[in-house]
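Hello,

Here is the structure I said I would pass on. My notes follow it.

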Amino acid sequence: MVMVFYGSSSKSNPVSMENKVEHQTENQITYDIHLPSDLGMLYKASLGLQSLENNISQLSLRHFKIQNTSTPDTFSLTINKTLPLSANGDRRVEFPIQWPLKEAPSVVIYPLAVFSRNILNERNLVHMAAGIYGTHSDTGDRTLLQSLQHVHQGEKIIMDAVDLGELEKIALFISSKTDCKLNVKKLHVQEAAKEHPIYVFEVNKEFSVDSNKPDIQREIPGSFVIRGEKQKNDIENNWNKEGSQVKNLTEYIIKVYTGEKRGAGTDANVHIILFGNEEKSEVLKISQSLEHQNPFERGKVDTFKIKAKKLGSLHSIGIGHNGNGFTSGWFLEKGEITDTAKNSVHCFNCNR
């Protein structure tokens, strides 16, 4: 078993439950664990199974108690759950930590709907793990036992988590025991008890899953939020219109060269606008580098593939970032844009 503790300042690394204390009573095990002192006030904990094998035995959790050996602080909770959770194979359970005179955050059920453009059969068993990140907290990477066979219909992965706040991004992990392709269109997340808001994460990417390689990992930023039925209908109508306009889209390959200067890299969110002699693109987020999990690092070249409406001959770009993070400053050497339809390459030097 492993645990992760979340505090007001930060969260702990996974803590392995190895140091058992002697003099155990029946059906009760006590562990001695050490937490960093800079977590702040604890507000939730995650308890889960470390094994990734499918044939693990079940673990029934009845009661949990944590005591600080240097202070009188004690917290206890009745859980009464069995891992893996039978509904979907989730190997973790989260619970809030209730302190005297403080209101504990609530536990929320988050169904994550996965939509794909292709249909998987029984030979192509694709396993998916996901982590949902919000303004309050995150679920961690929740490895699931179930395989995805109906993702074209919006198959749902169910996760219980302490209230995450406004959802911002999803970490996606895809693996398979057979070589196959999975074309993920989008992800939807909402609270099970509410019809709205619905958080939409557009992916529009085909993943080539290799059975001999580790999981494919991608971070999917939030695209937009549906906060009412009218907005939902308008968006669905727009999707239908866009489906008939796909032939007007073209693929652009964007290469971004970060300079060699000290502190040249950035952790901020980068965006780009393409200007052609016929049209200009929308503001396009570029975050999923084909080469690096952490893009825009010093001296690195990152490649991005995007689809946008046909713009004609490119003549300029607008590029920048949102200034987030302590190390947001960025020295951009140049950008190269390839229009795949015309097989033409355009170079834009920046050097600042």
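Phenylalanine 75 counts as buried, because its relative accessibility is 3% (buried means under 20% relative accessible area, exposed over 50%, partly exposed in between; 1.4 Å probe, protein chains only). Phenylalanine 64 is buried too, at 12%.

A word on the source: this is a predicted model, so local features need pLDDT of at least 70 and side-chain atom pairs count only at pLDDT 80 or more, while totals for chains, interfaces and linings use all residues. Residues are numbered from 1 along each chain as its sequence is written, and side-chain values use heavy atoms, with hydrogens and water left out.

Now the rings. The structure holds five aromatic pairs (rings of Phe, Tyr and Trp, the last by its six-membered ring, with centres within 6.5 Å; planes under 30 degrees apart are stacked, over 60 edge-to-face, the rest tilted). In one of them, phenylalanine 64 and phenylalanine 75 have ring centres 6.5 Å apart and planes at 55 degrees, so the pair is tilted. This pair links distant parts of the chain: phenylalanine 64 lies in strand β4 (residues 59–67) and phenylalanine 75 in strand β5 (residues 74–83), eleven residues apart. Strands are DSSP runs of E, at least two residues, numbered from the N terminus. Ring pairs also bring in Phe95, giving a cluster of Phe64, Phe75 and Phe95.

Phenylalanine 296 and tryptophan 330 make an edge-to-face pair, 5.4 Å centre to centre with 65 degrees between the planes. Both residues are buried.

The charged end of lysine 186 is 5.0 Å from the ring centre of phenylalanine 115. For lysine 261 over phenylalanine 331, the distance is 5.2 Å.

Next, a sheet. It is open, with three strands in the order β18-β17-β20 and antiparallel pairing (two strands pair if DSSP finds at least two bridges between them). β18 and β20 are the edge strands. Isoleucine 272 stands opposite leucine 284 in β18.

Last, which element gives the largest share of the lining of the second largest pocket? Strand β4 does, with nine residues. That lining divides into 22 nonpolar, 13 polar and five charged residues (Ala, Val, Leu, Ile, Met, Phe, Trp, Tyr, Cys and Pro are nonpolar; Asp, Glu, Lys and Arg charged; the others, Gly among them, polar).

Best wishes

Conventions: Helix = DSSP H or I, 4+ residues; strand = E, 2+ residues; numbered from the N terminus. Lys NZ or Arg CZ within 6 Å of the ring centre and 35° of its normal.
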